Amino acid sequence: MGSWNERFSQEAYVFGTEPAGFLKAHAAAIPKGASVLCVADGEGRNSVYLAELGYRVTAFDSAPAALEKARALARARGVEVAFHEAGIEGWDWSQRFDAVVGVFIQFVGPPEKARLLRRIGDAVADGGLVLLHGYHPRQRDEGYRSGGPGAVENLYTEAELRAVFAGFEVLEAREYDAELVEGEGHLGRSALVDFIARKR
Ligand SMILES: C[S@@+](CC[C@H](N)C(=O)[O-])C[C@H]1O[C@@H](n2cnc3c(N)ncnc32)[C@H](O)[C@@H]1O
């Protein structure tokens with residue numbers, strides 16, 4: 001990931017070292033001691049937080065510079081995360097986890113977007129959870145400049161996620177605006193979508 005890697009090649013954590021507010025609010029939905037996969041985890045703010053809560057966390061991202069910072073964050077916090085350098089195409093999706101977390105992973109548009117979401121659903125063990133948080137298309141429609149990809153087709157609505165995860169029991173689905181303060185990468189008024197569902 002050329003441009004992402006360059007963006008992460010600075011000392012500061014682009015999205016900060018604190019977890020996404022979404023995860024802070026909803027991590028307790030994940031059963032104690034569960035295995036968790038963090039997809040495109042970046043500099044580790046979310047995976048490290050989950051490891052601090054006692055979960056068995058695996059994370060992958062395609063940007064080596066992000067992984068280096070993620071490993072440093074885990075060391076600094078005294079926790080272990082199984083970090084892997086992998087892209088969504090190279091990841092071994094046959095592995096199953098009690099929860100799969102995708103926070104701001106909107107780097108692909110159709111048809112790859114649907115494929116990625118399906119793979120995430122397949123990676124959830126029976127009875128396990130999918131937790132997704134990202135920008136809603138209104139982020140672009142409203143002209144908010146707080147972050148996210150330029151391509152509106154990469155983003156998703158609650159309805160879209162409900163359709164992809166139709167076989168799941170939806171525990172939380174919300175579209176809303178909020179002020180994000182997450183490093184320099186996500187800063188300001190944002191149109192967001194949260195989605196948590198359990199595989200039946
Ligand atoms: C907006 S950042 C979010 C990072 C992290 N989830 C967070 O919330 O801090 C998007 C991440 O996707 C990663 N990424 C981009 N394309 C990818 C791909 N094809 N496979 C895996 N990761 C990718 C980038 O390196 C970056 O870390």
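## Strands β2 and β3

Strand β2, which covers residues 56-61, pairs with β3 in the parallel sense over four bridges, where strands (E, at least two residues) and helices (H or I, at least four residues) are DSSP runs numbered from the N terminus, and two strands pair if DSSP finds at least two bridges between them. Within this pairing, T58 stands opposite A82 in β3. Helix α4, residues 64-77, lies across β2 and β3 and runs at about 165° to β3; such angles run from 0 to 180 degrees between N-to-C directions, with axes taken as lines fitted to C-alpha atoms, for helices over the stretch in contact.

The model described here is predicted, and local features need pLDDT of at least 70, side-chain atom pairs count only at pLDDT 80 or more, and totals for chains, interfaces and linings use all residues. Residues are numbered from 1 along each chain as its sequence is written.

## The whole sheet

Strands β2 and β3 belong to an open sheet of seven strands with mixed pairing, in the order β3-β2-β1-β4-β5-β7-β6. At its edges stand β3 (82-85) and β6 (168-182), each with a single partner strand, so one side of each is left without a neighbour in the sheet. Neighbouring strands of this sheet are turned by 15° against each other on average, with direction ignored.

## Strand β4 and its neighbours

Strand β4 runs parallel to β1, to which it is joined by four bridges, and here V100 in β4 is the bridge partner of L37. Strand β4 also runs parallel to β5, this time with six bridges, and A99 stands opposite L129 in β5. Seven of the seven residues of β4 are buried, so this strand is largely enclosed by the rest of the structure; a residue is buried if 20 or more other C-beta atoms lie within 10 Å of its own, exposed if 12 or fewer, and partly exposed in between, with C-beta atoms placed from the backbone.

Helix α5, residues 112-122, packs on the sheet and touches β1 (35-39), β4 (97-103) and β5 (124-135), its direction making about 145° with that of β5. Contact is counted between two residues if their C-beta atoms, placed from the backbone, lie within 7 Å.

## The nonpolar core

The largest nonpolar core has 58 residues, and those with the most contacts inside it are V36, V39, V100, V101 and V130; such a core is a set of buried Ala, Val, Leu, Ile, Met, Phe, Trp, Tyr and Cys residues joined through C-beta atoms within 7 Å. One of these residues, V130, touches V100, I120, G121, V124, F165, F168 and A197, when residues up to four places away in sequence are not counted. In soluble globular proteins, nonpolar side chains tend to be buried together.

Most residues other than glycine have a negative phi, and most peptide bonds are trans. A40, in the loop between β1 and α3 (45-52), has a positive phi near 45°, and A40 is buried, with 25 other C-beta atoms within 10 Å. The loop between β4 and α5 holds F104, which has a positive phi of about 55° although it is not a glycine, and F104 is buried, with 23 other C-beta atoms within 10 Å.

P111 is also placed in the loop between β4 and α5, and a cis peptide bond with omega of about 0° joins P110 and P111.

## Surroundings of the ligand

The ligand is surrounded by 19 residues, of which W4, A40, G42, A63 and G87 are the closest; a residue is near a molecule if its C-beta atom, placed from the backbone, lies within 6 Å of it. By class, this shell has 12 nonpolar, four polar and three charged residues, where Ala, Val, Leu, Ile, Met, Phe, Trp, Tyr, Cys and Pro count as nonpolar, Asp, Glu, Lys and Arg as charged, and the others, Gly among them, as polar.

## Two partly exposed residues

E158 has its place in helix α7, residues 158-164, and is partly exposed, with 16 other C-beta atoms within 10 Å. Leaving aside neighbours within four places in sequence, E158 is in contact with A173, R174, E175, V193 and F195.

R96, found in the loop between β3 and β4, is partly exposed, with 15 other C-beta atoms within 10 Å. The C-alpha atoms of R96 and L37 are separated by 8.7 Å, although 59 residues apart along the chain.
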